[in-house]
Amino acid sequence: MMRRILTCLWLAVAPPLSAQIVVTNISVADAFVRSLDPTHNYGEAGALSVSGPIATNAIGQQEGLLDTFMRFDVTSAVSNFNVAFGAGKWVVISAVLDLWEQGSPNNTVFNQGVGPFEVRWIATNSWAEGTGNPNNPTTDGITYAQESSVLNPNVDESLGTFVNGGTDGLVRVTLGMPSGFVTAVSTGGLVSFYMTAPTNSPVGFTFHSHNFVESSEWPSLEIAAVQMPQITSLAITGSSVKIVFTASINMTNTIEYSSSLASNSWGALTNIVGSGGSAIVIDPGAALLPERFYRVRLTVSP
């Protein structure tokens with residue numbers, strides 16, 4: 001029995017668990033593109049926009065489809081998490097885009113309206129921001145005609161559909177957490193987003209870019225991470241096994257068991273919402289089995 005417990009412990013010795021850490025990243029590149037001007041770039045306009053085919057501008061004209069590309073460098077976020085929690089000992093639990101809407105943009109190139117828009121994580125980071133603006137479009141950056149060469153529906157992931165406010169102010173967009181996006185953020189480096197309007201959406205959502213005069217209203221990406229929960233001790237109590245582990249605060253921590261590491265087959269013993277300290281789980285009758293292995297896993301909403 002002693003050999004069995006030691007075999008489990010190598011999976012799990014860990015330092016005390018900390019609360020979540022949030023790191024804010026400012027966009028390093030952004031641009032919007034227009035279907036009515038598909039070969040020109042608008043990367044230095046001071047504003048970004050997403051518009052559907054129903055929205056119109058301030059004088060009632062329809063200015064076509066407008067899509068937005070944004071890129072962030074999350075290298076510093078990963079470094080901060082590594083320092084706080086230890087390299088490879090943390091998990092991203094949320095990501096939020098902060099966007100400052102301009103409800104009534106002055107330039108007639110921007111449509112207006114409240115409606116749904118989609119945010120996607122895209123695997124391609126090689127698109128160029130460019131230097132174009134509504135008064136002087138250029139060809140040195142991403143354009144509407146180039147979208148098909150940048151987007152990859154087999155890899156890119158939708159992070160959700162959201163609705164703008166239609167007035168001046170902050171719009172916070174809590175992104176979904178599909179596996180590809182989480183892996184990209186956790187790895188560090190560049191992370192790109194694509195924003196577009198669903199079919200027949202009346203949205204005309206214009207917001208400030210990182211070329212806007214007020215830096216506090218630039219697009220930002222907030223990433224939150226917590227230390228992974230880990231088993232700190234195992235003990236036999238009669239015919240049962242007592243598992244003690246550090247439980248990630250306000251997260252669902254799942255204790256799983258297996259009769260063989262080679263099979264990589266795990267069952268759920270119980271779920272505990274952590275308080276940030278130690279938690280105890282009893283596995284009745286487990287000490288009578290030939291072998292028993294345990295691990296603890298966080299459940300993060302997709």
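Which residues of helix 2 (residues 75-85) are buried? In this predicted model, they are Ala-77, Val-78, Phe-81 and Phe-85. Seen down the axis of helix 2, these buried residues fall within an arc of 95°, so they line one face of the helix. An α-helix has 3.6 residues a turn, so residues three or four places apart point the same way. The cover over the buried residues of helix 2 includes strand 1 (21-34), strand 4, helix 4 (179-187) and strand 10. Just after helix 2, Gly-86 takes a positive phi of about 105°.

Strand 4, one of the elements covering helix 2, is itself mostly covered, with ten of its twelve residues buried. Strand 4 pairs in the antiparallel sense with strand 10 (residues 220-227) over eight bridges, and Val-96 stands opposite Glu-222 in strand 10. Strand 4 also pairs in the antiparallel sense with strand 7 (residues 169-174), over six bridges. Here Trp-100 stands opposite Leu-170 in strand 7.

The largest nonpolar core has 38 residues, of which Leu-97, Val-119, Leu-175, Phe-181 and Phe-193 touch the most other members. Strand 4 (residues 90-101) gives the largest share of this core, five residues. Leaving aside residues up to four places away in sequence, Leu-175 touches Ala-95, Leu-97, Val-119, Leu-159, Phe-162, Phe-181, Phe-193 and Leu-221. In soluble globular proteins, nonpolar side chains tend to be buried together.

In one of them, the rings of Phe-81 and Trp-90 have their centres 5.0 Å apart and their planes at 55°, so the pair is tilted. Phe-81 is buried, with a relative accessible area of 1%, and Trp-90 is buried too, at 7%. Another tilted pair is that of Phe-117 and Phe-162, with ring centres 6.0 Å apart and planes at 45°. This pair links distant parts of the chain, since Phe-117 lies in strand 5 (residues 116-122) and Phe-162 in strand 6 (residues 157-163), 45 residues apart. Both Phe-117 and Phe-162 are buried. Ring pairs join Phe-117 and Phe-162 with Phe-205 and Phe-207 in a cluster.

A ring also meets a charge in this model: the charged end of Arg-71 sits over the ring of Trp-127, 4.2 Å from its centre.

Technical notes
Residues are numbered from 1 along each chain as its sequence is written. This is a predicted model: local features need pLDDT of at least 70, side-chain atom pairs count only at pLDDT 80 or more; totals for chains, interfaces and linings use all residues. Side-chain values use heavy atoms; hydrogens and water are left out. A nonpolar core is a set of buried Ala, Val, Leu, Ile, Met, Phe, Trp, Tyr and Cys residues joined through side-chain atoms within 4.5 Å. Buried means under 20% relative accessible area, exposed over 50%, partly exposed in between (1.4 Å probe, protein chains only). Helices (H or I, at least four residues) and strands (E, at least two) are DSSP runs, numbered from the N terminus. Contact means heavy atoms within 4.5 Å. Two strands pair if DSSP finds at least two bridges between them. The arc is that of the directions from the helix axis to the C-beta atoms. Rings of Phe, Tyr and Trp (its six-membered ring) pair if their centres lie within 6.5 Å; planes under 30 degrees apart count as stacked, over 60 as edge-to-face and the rest as tilted. A charge sits over a ring if NZ of Lys or CZ of Arg is within 6 Å of the ring centre and within 35 degrees of the ring normal.
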